[in-house]
Amino acid sequence: MVYVTRTEHFNAAHKLYNPGWTREKNEEVFGRCANENWHGHNFELDVTIKGTPDPDTGFVYDVKKLSIIIHEHVIEKLDHKNLNLDVDFMKGKMCSIENLVIAIWNQLVPHLPAGVILHSLRLRETPKIFTEYFGD
Amino acid sequence: MAEKVAVYRKENFNAAHRLHNPAWDEATNDRVFGKCNNPNYHGHNYELIVKLIGEPNPETGYVFDLKLLSDLVKENIIDRFDHKNLNEDTAEFKNLNPTAENIVIVIYRVLRNKIDPKFELKLRLYETERNFVEYPAG
């Protein structure tokens with residue numbers, strides 16, 4: 001079994017804000033991240049698949065093709081967007097990187113070809129903060 | 001005769017922005033600025049590298065105490081821009097397009113006023129790992 005990772009990037013705005021709470025409560029819990037006019041990040045997404053190298057190609061799966069799938073179904077929906085306002089699969093969810101990494105997993109899995117097994121996602125918000133999700 | 005040394009301090013701020021020229025119509029803004037024109041904004045992790053050139057002080061050995069430089073940058077730049085919307089939340093970009101070029105010039109003007117003119121000041125601003133600007137140029 002070999003693990004193969006493709007890294008992609010997107011730049012987006014968001015805020016951490018619970019509409020069911022008062023502004024004071026949001027500021028108390030989320031601090032500067034609750035700024036009502038948004039802030040933003042350069043996000044980095046590591047997509048790791050696992051499998052046995054094909055004897056003819058030596059590939060677990062062609063990472064160029066994997067990149068095209070990630071772009072079409074994830075990056076194009078997130079890049080240069082407002083994660084709270086512009087992204088259909090984040091509607092109604094708190095816009096944390098915990099929720100975003102789960103949503104990206106659910107967005108990606110149905111579009112992977114048969115036999116391509118997603119092992120993990122790593123979503124980096126800043127050089128010091130990232131989340132990982134293994135689908136369970 | 002003392003020799004000149006360059007010292008650097010790196011700081012970060014995370015902000016939202018959009019590139020938009022209000023004097024242009026929507027189609028022109030879209031053609032020139034593309035995805036960066038999204039009316040709902042997007043954002044970046046900006047990285048600012050502040051470079052000071054000067055002679056080491058004979059008593060301290062420092063060109064400039066980097067802790068003091070960090071405090072100066074935090075108070076005057078990071079507190080102003082971090083977790084902000086550059087277009088909406090900052091006076092500097094109310095009427096100025098917040099491109100990396102314009103941001104670095106704004107930062108330079110603020111810091112230049114706070115740092116003794118005997119130090120040469122140069123800035124590098126990363127908007128992404130792959131896009132960055134320097135001011136003054138050369």
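Predicted model: local features only at pLDDT ≥ 70, side-chain atom pairs only at ≥ 80, totals over all residues.
Residues are numbered from 1 along each chain as its sequence is written, while chains are lettered from A and ligands numbered from 1 in the order in which they are written.

**View 1. The sheet of chain A.** Here you're looking at an open sheet of five strands in chain A, ordered E3-E1-E2-E4-E5, with mixed pairing. Helices (H or I, at least four residues) and strands (E, at least two) are DSSP runs, numbered from the N terminus. Two strands pair if DSSP finds at least two bridges between them. E3 and strand E5 (129–133) of chain A are the edge strands, each pairing on one side only. Follow E1(A) and E2(A): they run antiparallel and are joined by 13 bridges. As a reminder, strands of a sheet pair through backbone hydrogen bonds, either parallel or antiparallel.

**View 2. Two helices against that sheet.** Helix H2 (residues 63–78) of chain A packs on the sheet and touches E1, E2 and E3 of chain A. The direction of H2 makes about 20° with that of E1(A). Helix H3 (residues 97–108) of chain A lies across E2, strand E4 (117–126) and E5 of chain A, running at about 145° to E4(A). For these angles, axes are lines fitted to C-alpha atoms, for helices over the stretch in contact, and angles run from 0 to 180 degrees between N-to-C directions.

**View 3. A:His14 and A:Ala34.** Find A:His14 in strand E1 of chain A, and A:Ala34 in the loop between helix H1 (23–30) and E2 of chain A. Are they buried or exposed? A:His14 counts as buried because it has 27 C-beta neighbours inside 10 Å, and A:Ala34 is buried too, with 20 other C-beta atoms within 10 Å. The cut-offs: buried means 20 or more other C-beta atoms within 10 Å of a residue's own, exposed means 12 or fewer, and partly exposed is in between, with C-beta atoms placed from the backbone. The C-alpha atoms of A:His14 and A:Ala34 are separated by 9.1 Å, although the residues are 20 apart along the chain. Beyond its neighbours within four places in sequence, A:His14 is in contact with residues including A:Trp38, A:Asn82 and A:Cys95. Contact means that the C-beta atoms of two residues, placed from the backbone, lie within 7 Å.

**View 4. Where chain A meets chain B.** In this view, 19 residues of chain A are in contact with 19 residues of chain B. E1 (2–14), E2 (39–51) and E3 (81–82) of chain A each supply at least two residues of the side that touches chain B. E2(A) gives the largest share, four residues. That side of chain A divides into five nonpolar, 10 polar and four charged residues. Here Ala, Val, Leu, Ile, Met, Phe, Trp, Tyr, Cys and Pro count as nonpolar, Asp, Glu, Lys and Arg as charged, and the others, Gly among them, as polar.

**View 5. Helix H1 of chain B.** Helix H1 (residues 26–33) of chain B has eight residues and the number buried is zero, so it lies largely in the open. Next comes B:Gly34, whose phi is positive, near 55°.
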